[in-house]
Amino acid sequence: MTTGKINVSVENIFPLIKKFLYSDHEIFLRELVSNGTDATLKLKHLTSIGEAKVEYGHPIIEVKIDKEGKKLHIIDQGLGMTADEVEKYINQVAFSGAEEFLEKYKDSAKDSGIIGHFGLGFYSAFMVAEKVEIITKSFKDEPAAHWTCDGSPEFTLEASDRTTRGTEIILHIAEDSLEFLEDYKIRELLNKYNKFMPIPIQFGTKKEMLPIPDDAPEGTKAEEIEVANFINNPNPAWTKQPVDLSDEDYKNFYHELYPMQFEEPLFHIHLNVDYPFNLTGILYFPKLGADIQMQKDKIQLYQNQVYVTDNVEGIVPDFLTMLKGVIDSPDIPLNVSRSSLQADAAVKKISNYITRKVADKLKSLFNEDRAEFEKKWNDIKIVLEYGMLSEAKFYEKAGDFVLYPTTEGTYLTLAEIKETLAANQTDKNGKLVVLYASNKETQHSYIDIAKEKGYQVLLLDSPIVSHLIQKLESDNENLTFARVDADPIDKLIEKEDNVLSKLSDEEKDKLKTVLETIVPKANYSVQLEPMDSNAAPFMITQPEFMRRMKEMSQSGGNGMFGMGNLPEMYNLVVNTNSELATTILNTDDKNVQESLVKQALDLAKLSQNLLKGEELTAFIKRGYEMIK
């Protein structure tokens, strides 16, 4: 029997301790199962190149609980270790067996799926165990070894009578970690971290009914047997080639990832690249709910099929964190527990690639079946609009597939909008005027006026529309956006045949004076505009600039741009060609005059959903009085 002290290599261990730290004790199981996977994949590689003269077979990893003995067993059927290798790989902390293996077989083993990088994974066992044993037998024709350590630098290493190839790690669970002897806890961790490990993982057994033979006597009952319970899928969809998968396969994998998600994804994007970095994965566009924040952190990050985190910030562009799915890459730098990311050039390249891949897929879907793409637009628009604002590379490509719905239920690209407007929607400076509504119901009367004049009105109702149109205007100098209730249509769009006022300048001054004595100055600025006689006599508009700033301050957080809460300011636009304007002007009875103005103002406010509470009650009473 050998005794000694574990050789902690200061040169190797201190840089690792300084840069990396386990953040959660439960990581130990992932690390130990990953080590077993590595040992099995190494053996598979060595047998494939003829260096290991053994039968690879169908190895598994088994996790067993001995609750009475307070022990947890992790058993693999991989290449095992000799006593010398235990000395080398276990007693010299931070010497990574995986790194050495990859270096030795770098030309042939680069795609073998070896997981380990740091050599510290095994020692995570001591976060939950007061003593750890290793019983291991190498695939080489050498005696088995039995290593024991109680968490101090002291260890024992002796011969073992194990006769089968592989390694068994026995954790004597500490009193403060007895939760790891519960079936539900281990099953939960295996499902979280090892659900898609490339080697089958057995945890316990399950009952199955044997099929009744066709020739069995009538009344024969099915026999129930115990069979091994395998908890993982070693060949998940993202590890396969897209040509080998059907749409049904992609949908089934989506529900495997999210078993409580009953709605089908809108579409998927399969990522598969091996240069200049390795990256595979599948991203899904789900139907998004109203709360965007609740939709985030649904993408799972894996490293060689080992779960790492669902916080993919920095790897996936921010606007795509609302998607769901899996990303797997051995090139993403992780800490020793593989639970946080380090920003570097490789990560940036991966982020740019994902952005480009998503944009290319969207363009392809748009070109292949535009009608189907339009049906899905309202479910994906917030993601793409956010992407246009936050990712320059995505914005460059977005013009090919981003759509702008109209109030008529049709969809236009920006190029199509420009083409449509060029004929008759320009302002006095020759700019194309894009009219839009944010709420088809509350702005119906304004939309109706625009449509009567033959103008196109878009329906832009996302919460970030103000930021988006600001961006579009800055990048298209001959384009300006105006909400249909920002100003009278004839003021927004210059026409040679714009309507002239029936009132003289003197009559207009008199009418304005009357109105300003009745209309509250704190909230309304009175404007007189000549419009068609059948247009609404009173209209409430909000200057485009002020409304946009207010919306951006609300969507950008309290005090955005240092503006705080902006006051509610509106324009009261009075049609000087309406019969009501003439009646108000010519009425001598001040009470009647005031009543007409208030009633018309309240009607205008009602059309904008601004009439509430006490004002609404007064309006109703006044209406009944006028009916009498």
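The following legends describe close-up views of a predicted model.

**View 1. Aromatic cluster.** Tyr193, Phe196, Trp238, Phe253, Tyr302 and Tyr307 are joined into a cluster by ring pairs. Across the whole structure, the search finds 19 aromatic pairs.

**View 2. The loop between strand 14 and strand 15.** Asn304 belongs to the loop that connects strand 14 (298-303) with strand 15 (306-309). Its phi is near 55°, a positive value in a residue other than glycine. Gln305 is found in the loop between strand 14 and strand 15 as well, and Gln305 also has a positive phi, of about 70°, although it is not a glycine. Asn304 counts as buried because its relative accessibility is 16%, where the cut-off for buried is under 20%. Gln305, at 12% relative accessibility, likewise counts as buried.

**View 3. Lysine charges over tyrosine rings.** The charged end of Lys324 is placed over the ring of Tyr258, at 5.1 Å from the ring centre. In a second case, the charged end of Lys471 sits over the ring of Tyr395, and the distance to the centre of that ring is 4.6 Å.

View 4. Asp360 and Lys397 form a salt bridge in which the closest N and O atoms are 3.5 Å apart. Asp360 lies in helix 7 (residues 345-368) and Lys397 in helix 9 (residues 392-398), so the pair ties together parts that are 37 residues apart in sequence. Asp360 counts as partly exposed, with 36% relative accessibility. Lys397 is partly exposed too, its relative accessible area being 29%. In total, the structure holds 19 salt bridges.

View 5. The partners here are Arg370 and Glu416, whose closest N and O atoms are 2.9 Å apart in a salt bridge. With Arg370 in helix 8 (residues 370-390) and Glu416 in helix 10 (residues 414-421), the pair links distant parts of the chain, 46 residues apart. Arg370 counts as partly exposed at 24% relative accessibility. For Glu416 the relative accessibility is 24%, and this residue counts as partly exposed.

View 6. The side chains of Glu615 and Lys605 meet in a salt bridge with an N to O distance of 2.9 Å. Because Glu615 lies in helix 18 and Lys605 in helix 17 (residues 590-607), the pair ties together parts that are ten residues apart in sequence. Which of these residues is buried, and which is partly exposed? Lys605 is buried, with a relative accessible area of 6%, whereas Glu615 is partly exposed, with a relative accessible area of 41%.

View 7. Ile620, Tyr624 and Ile627 make up a nonpolar patch on the surface, and together they have about 360 Å² of accessible area. Ile627 is found in helix 18 (residues 613-627). Its relative accessibility is 68%, so Ile627 counts as exposed, the cut-off for exposed being over 50%.

**View 8. Salt-bridge network.** Glu179, Lys185 and Glu188 are linked to one another in a network of salt bridges. Side chains of opposite charge can pair when their charged atoms come close.

Definitions and conventions: Residues are numbered from 1 along each chain as its sequence is written. This is a predicted model: local features need pLDDT of at least 70, side-chain atom pairs count only at pLDDT 80 or more; totals for chains, interfaces and linings use all residues. Side-chain values use heavy atoms; hydrogens and water are left out. Rings of Phe, Tyr and Trp (its six-membered ring) pair if their centres lie within 6.5 Å; planes under 30 degrees apart count as stacked, over 60 as edge-to-face and the rest as tilted. A charge sits over a ring if NZ of Lys or CZ of Arg is within 6 Å of the ring centre and within 35 degrees of the ring normal. Patches are made of residues with over 30% relative accessible area and no salt bridge: like charges are joined within 9 Å, nonpolar side chains (Val, Leu, Ile, Met, Phe, Trp, Tyr) within 5 Å. Accessible areas come from the Shrake-Rupley method with a 1.4 Å probe; for residues, only the protein chains shown count as cover. A salt bridge is a side-chain nitrogen of Lys or Arg within 4 Å of a carboxyl oxygen of Asp or Glu. Helices (H or I, at least four residues) and strands (E, at least two) are DSSP runs, numbered from the N terminus. Buried means under 20% relative accessible area, exposed over 50%, partly exposed in between (1.4 Å probe, protein chains only).
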